[in-house]
Amino acid sequence: MLRARWLGRVAYDEALDLQRTLAAGSSDHLLLLEHPHTYTLGVNADPAHVLVDPAGVGAELVSTDRGGDVTYHGPGQLVGYPIRTVTGRRGGGMADTVAYVHSVEQVLIDALGALGLTDVGRLDRYPGVWVDPGSGFPRKIAAIGVRLSRARSMHGFALNIHPDLTMFDHIVPCGIDDLGVTSLAAEGIEATMREAVDAVVDAATAAWG
């Protein structure tokens, strides 16, 4: 059974401590929350992709153990941390990270469809969820960075509902310098955070039980 919890606005380090506590157990959880303005660096991040002093724009900079490059978290963005036992396997008995990332993407694709944004999907070369993925101008609406250890998942996704998109101008988001970032609001979908939470919970429950 998946236990979904809305936590409100939570500091990044505080949410990370909670993830680690839950990951040490065996129950499945989906933590949903907002962060204050925060830039995070994944294990493969290039520090040069942070273009300004984060403190100068009112943000914190945090190094973390998820995959991926630099990303932004902040108000108006729905952050989700699935803490789950991932049963899919690949060679050598390791959990299949690619298949798991695809399952997270699909949850968000389904949730966005329920909110009225249907032309969304994947790009072969980049993880995450993209608006108009088959066009010449795809725009990222959700970033994904996960960690799997002993078949337990941590970290997750950041779905842009109505954040201040100018905060992405201070970084090279996910290390991608030639494609843009968008949000539900920027795409003309006036969804509330509560509506987005409900859509994600419904999609995650359908996918993960």
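Visitor: How do you know that the span of helix α3 (residues 193-208) agrees with its 16 residues?

Guide: The expected span of a helix is 1.5 Å times one less than its number of residues. For the 16 residues of α3 that gives 22 Å, and the end C-alpha atoms are 22 Å apart, so the two agree. This is a predicted model, in which local features need pLDDT of at least 70, side-chain atom pairs count only at pLDDT 80 or more, and totals for chains, interfaces and linings use all residues. Residues are numbered from 1 along each chain as its sequence is written, and side-chain values use heavy atoms, leaving out hydrogens and water.

Visitor: What makes α3 a helix with one buried face?

Guide: Buried means under 20% relative accessible area and exposed over 50%, with partly exposed in between (1.4 Å probe, protein chains only). The buried residues of α3 include Met193, Val200 and Trp208. Seen down the axis, the buried residues fall within an arc of 165 degrees, so they line one face; the arc is that of the directions from the helix axis to the C-beta atoms. Arg194, Asp202 and Ala206 are exposed on the face turned away from the buried side.

Visitor: Why are β4 (60-63) and β5 (70-73) called edge strands?

Guide: Strands (E, at least two residues) and helices (H or I, at least four) are DSSP runs, numbered from the N terminus. Two strands pair if DSSP finds at least two bridges between them. The open sheet has the order β4-β3-β5, with mixed pairing. β4 and β5 each have a single partner strand, so one side of each lacks a neighbour in the sheet.

Visitor: How do you know that β3 (residues 38-41) pairs with β4?

Guide: Four bridges join these parallel strands. Thr38, for one, has Glu60 of β4 as its bridge partner.
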